[in-house]
Amino acid sequence: MPERKMSIKRKFVADGVFYSELNELLTRELAEDGYAGVEVRTTPHRTEIIIRATRTQSVLGEKGQRIRELTSVVQKRFDFPDKAVELYAERVNNRGLCAQAQAESLKFKLLGGLAVRRACYGVVRFVMEASAKGCEVIVTGKLRGQRAKAMKFGDGYMIKTGHAGQVYTDTAVRHVLMRQGVIGIKVSIFLPHDPEGKNGPSIPLDDVVTIAEPKEEPSPETILAQQAEAERRAAEEQMAMAAAPEESGPPVEEAGF
């Protein structure tokens, strides 16, 4: 019996579920290795999964053992054929501009017993020193006492709405299982504009106006001199055209016999 072709709607849903489950697995497994996201590339022959992390050596493991174990887990869980899925590790260029890496860092600081205010201000300062345009850290839960509350720490410039909010703002959410209860962490980083697209989006912001340097205008004396030169050349050309028939002289009539 031939396989039924999957509809486009079901394919998008299946791809989304696959990405979500894979991201959740890697987030839990590679939390201590600076996990910063995953990218799935599908080719006709195999599926490539690129894991972005701050410590790629820990992700690979000794002689690549850990990455092979992760490949085997993914292959068995999602029913991939042999050698149909490949996992790669990619280092994050600037971890100060990665919201997921900073959220994980803040999570381990809080689990280590560091004061909330000190931990959050440390993250904000580190992000701003990494050439970010802005940063915001929100921590909610039972921070002190039995009453739950939210604390917000921010610095710089932040756009949350519209197309710029989608392109320029990198956001990550983590949950910290503390003794007194669950604490929620949300880190938002407003990325800088980078024409090469490495440290930030290559498309400029809508409200940024770039004023070009004005062209050097010639002085009035130069313009008048150019006009006089053009008139002189035109007059010389007219005189040359008028003198051309006179030099040739009248046509000589042939003598008849």
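Student: How does Arg41 count by its relative accessibility?

Tutor: Arg41 counts as partly exposed, because its relative accessibility is 43%. The classes are buried (under 20% relative accessible area), exposed (over 50%) and partly exposed in between, with a 1.4 Å probe and protein chains only. The model is predicted, so local features need pLDDT of at least 70 and side-chain atom pairs count only at pLDDT 80 or more, while totals for chains, interfaces and linings use all residues. Residues are numbered from 1 along each chain as its sequence is written, and side-chain values use heavy atoms, leaving out hydrogens and water.

Student: With which residue does Arg41 form a salt bridge?

Tutor: Side chains of opposite charge can pair when their charged atoms come close. A salt bridge here is a side-chain nitrogen of Lys or Arg within 4 Å of a carboxyl oxygen of Asp or Glu. Arg41 forms such a bridge with Glu39, and the closest N and O atoms are 3.1 Å apart. Glu39 is itself partly exposed, since its relative accessible area is 33%.

Student: How many salt bridges does this rule give?

Tutor: The count comes to 13 salt bridges. One of them joins Lys11 to Asp15, with the closest N and O atoms 2.9 Å apart. Both residues belong to helix H1, where they stand 4 residues apart, about one turn of the helix. Helices (DSSP runs of H or I, at least four residues) and strands (runs of E, at least two) are numbered from the N terminus. Lys11 counts as partly exposed because its relative accessibility is 45%; Asp15 falls in the partly exposed class with 40%.

Student: Which residues are linked in a network of salt bridges?

Tutor: The network links Glu229, Arg232, Arg233 and Glu236. Between Glu236 and Arg232, the closest N and O atoms of the salt bridge are 2.7 Å apart. These two lie in helix H7 (residues 220–248), again 4 residues apart, about one turn of the helix. Glu236 has a relative accessible area of 45% and is therefore partly exposed, and Arg232, at 40%, counts as partly exposed.

Student: Is Val59 buried or exposed?

Tutor: Val59 counts as buried, because its relative accessibility is 0%. Its place is in helix H2 (residues 56–60). To see what surrounds Val59, one looks at contacts, meaning heavy atoms within 4.5 Å. Leaving aside neighbours within four places in sequence, Val59 is in contact with Leu30, Asp33, Ala53, Arg66, Ile67 and Ala89. As for Gly197, this residue is 138 residues from Val59 in sequence and 25 Å from it in space, C-alpha to C-alpha.

Student: How far does helix H4 reach from its first C-alpha to its last?

Tutor: An expected span is 1.5 Å times one less than the number of residues in the helix. Helix H4 (residues 99–111) has 13 residues and reaches 18 Å, close to the expected 18 Å. After H4 comes Gly113, whose phi is positive, near 95 degrees.

Student: Which residues of H4 are buried, and what covers them?

Tutor: The buried residues are Ala99, Gln100, Ala101, Gln102, Ala103, Glu104, Leu106, Lys107 and Leu110. Their cover includes two helices, H1 and H5 (116–129). Strands also take part in covering these buried residues, among them S1, S4 (134–141), S6 (169–178) and S7 (181–190).
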